[in-house]
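Here is a short note for a first look at this structure. Please read the points with the model open beside you.

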Amino acid sequence: MHIKSILTSTALLISSIFSTAAHAVTYKGIEFPAGDISFADSLVSYTPSFGGGNVPTDTNYTDPSKALGAPDYQSPNGSVSLGDGGRIILEFVDNFLTGSSLTGVADGIFDLHIFEIGGAVEATDVHISKDGSVWESVGRVNGSVSSIDIDLFGFSVSDQFRFVQLTDVKGLNGTTGSTVGADIDAVGAISTVINPNPGTSPVPDSGSSFLAFLISLAGIVAFTKRKR
Ligand SMILES: [Ca+2]
Ligand SMILES: [Ca+2]
Ligand SMILES: [Ca+2]
């Protein structure tokens with residue numbers, strides 16, 4: 001391929017990446033700078049009986065796909081009940097959840113938000129994973145707290161997570177009823193980057209290699225211009 005056509009297609013690729021990422025959206029006062037790609041895309045598993053407690057029976061609240069995509073709950077549709085002690089695992093396919101700090105120290109910037117329906121957030125333990133097998137605890141959402149700063153747990157912008165696991169805390173916030181357990185509408189990565197290879201695990205240091213790629217591209221452009 002001619003160098004000029006390579007540069008043209010590369011520039012188109014880069015501009016499409018940035019234009020896709022440019023449309024911030026806000027749901028319930030929470031801004032997602034990268035837009036609707038920020039939300040979990042795919043269901044890995046839904047196990048309302050995980051903790052051995054009561055499971056939801058209202059079929060308006062037992063479809064786990066209702067936790068995918070941007071928040072859309074309109075009573076009675078759009079959320080899934082986890083069950084008392086139940087668990088759901090979701091995957092980000094077109095994006096990764098990341099931290100927001102350079103060095104992995106708590107920066108007070110929230111990175112992950114769990115949209116639960118109803119007035120009070122029911123206690124839910126949150127774990128995240130890069131590969132779907134090694135899980136890291138990032139605390140618990142509870143009461144009025146439904147955003148998490150994952151840098152608090154030592155992660156940074158270079159950590160890229162594909163999976164989120166939510167586990168209802170058994171025996172808290174009601175243990176019976178047809179919609180028992182935390183009621184999840186959506187899960188969004190406030191701090192996020194596009195996954196260039198959707199549905200695959202992060203390449204180590206992909207952030208710095210992409211930066212290196214941009215720098216080298218800038219060098220090529222400058223070099224080409226100088227030659228004219
Ligand atoms: Ca997504
Ligand atoms: Ca953060
Ligand atoms: Ca929903």
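1. Strand β7 (residues 112–116) pairs with β10 in the antiparallel sense, over two bridges. Histidine 113 has serine 147, in β10, as its bridge partner. Strands here are DSSP runs of E, at least two residues, numbered from the N terminus; two of them pair if DSSP finds at least two bridges between them.

2. This is a predicted model: local features need pLDDT of at least 70, side-chain atom pairs count only at pLDDT 80 or more, and totals for chains, interfaces and linings use all residues. Residues are numbered from 1 along each chain as its sequence is written, while chains are lettered from A and ligands numbered from 1 in the order in which they are written.

3. The β7–β10 pair belongs to an open, antiparallel sheet of four strands, ordered β4-β13-β7-β10.

4. The largest nonpolar core has 38 residues. Such a core is a set of buried Ala, Val, Leu, Ile, Met, Phe, Trp, Tyr and Cys residues joined through C-beta atoms within 7 Å. Ala67, Ile88 and Val164 are among those with the most contacts inside it. Strand β13 gives the most to this core, four residues.

5. Alanine 67 touches, among others, Val80, Ile88 and Ile184 (C-beta atoms, placed from the backbone, within 7 Å), not counting residues up to four places away in sequence.

6. Lysine 66 lies in the loop between β3 (42–47) and β4. Why is lysine 66 called buried? It has 21 other C-beta atoms within 10 Å, and the cut-off for buried is 20 or more.

Technical notes. Buried ≥ 20, exposed ≤ 12 C-beta atoms within 10 Å, placed from the backbone. Contact = placed C-beta atoms within 7 Å.
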